[in-house]
Amino acid sequence: MSAAAGPELDAALIELGWPELLAEVPDVAVPLVFRLLGETGSHAAVLVDVVGSDAQPGPVPDDVRRSVHHSQPGPVPLPFAGGAWVVWDREGGSGAAVDEELPLRTVASGTELPDAALAAGRRALGWWLLGTGHAMLALARRHALERKQFGRALASFQAVRHRLAETLVALEGAEAALRTADGELGALLAKAAAGHGALTAARHCQQVLGGIGFTAEHDLHRHVRRTLVLDGLLGSTRELTREAGAYIRTNRTAPRLAQL
């Protein structure tokens with residue numbers, strides 16, 4: 001999976017039976033594939049498949065091209081942070097997003113996704129963010145174990161340990177939220193938790209890696225850019241947290257999200 005990306009990886013996943021798995025066992029297929037995308041730093045148009053399987057697109061804006069793959073869902077405008085709309089071009093090349101590797105392009109407008117499609121997309125993005133967060137944590141952990149400073153391993157310093165521990169706690173909490181996510185509110189909270197976990201990983205792992213984490217030769221910057229874009233898709237962590245708060249204020253209660 002790490003050796004392919006974009007249309008090449010799309011074709012490989014189709015050959016492996018991704019469409020059938022998504023239709024028959026989505027609770028298994030989505031966490032597996034999306035987390036691997038995050039851990040390997042690769043990308044594919046599988047979010048289009050997840051959202052498209054639950055969305056029947058309305059009128060498509062003039063600047064949205066329909067997919068040439070009639071057996072696959074056509075491009076569905078996706079809401080992005082700040083009221084923007086983007087399309088994931090299955091056949092497109094590098095886009096204009098913060099993460100230039102992703103074939104995303106902005107469009108003038110879009111229509112609200114059905115609740116089921118929005119919830120399914122948020123859960124999928126949550127698993128992708130979780131995988132990306134773990135990839136950053138693995139890079140920082142390896143650096144802390146191998147790097148020596150003042151004659152000691154970087155991992156022996158308490159400040160470094162605290163940053164890595166806080167990252168792990170945030171990611172573990174996000175995974176728990178994703179595994180118990182049920183319904184629209186559960187998916188919203190799970191995506192927000194995953195976004196928070198990945199952003200925490202980006203912040204702390206950059207501090208642990210120091211200057212090397214800023215270099216083009218190191219993989220961290222690719223995961224940081226990926227996190228910023230994925231967090232914005234279908235609602236950012238900040239926006240979703242506010243939406244959850246508004247829901248609780250309006251209803252004066254919150255449903256039980258997990259049986260403990």
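User: Where does Asp89 lie?
Analyst: Asp89 sits in the loop between strand S2 (84-88) and strand S3 (104-107). Strands here are DSSP runs of E with at least two residues, and helices are runs of H or I with at least four, numbered from the N terminus. This is a predicted model, where local features need pLDDT of at least 70, side-chain atom pairs count only at pLDDT 80 or more, and totals for chains, interfaces and linings use all residues. Residues are numbered from 1 along each chain as its sequence is written, and side-chain values use heavy atoms, leaving out hydrogens and water.

User: Ok, is Asp89 buried or exposed?
Analyst: Asp89 counts as buried because its relative accessibility is 11%. Buried means under 20% relative accessible area, exposed means over 50%, and partly exposed is in between (1.4 Å probe, protein chains only).

User: Which side chain does Asp89 make a polar contact with?
Analyst: That's Arg105, at 2.6 Å between the side chains. A polar contact is a pair of N or O atoms within 3.5 Å; within protein, one must be able to donate a hydrogen and the other to accept it, and residues adjacent in sequence count only if both atoms are side-chain atoms.

User: Switching topic: what about Val25, where is its place?
Analyst: Val25 is in the loop between helix H2 (18-24) and helix H3 (26-40). Val25 counts as partly exposed, because its relative accessibility is 35%.
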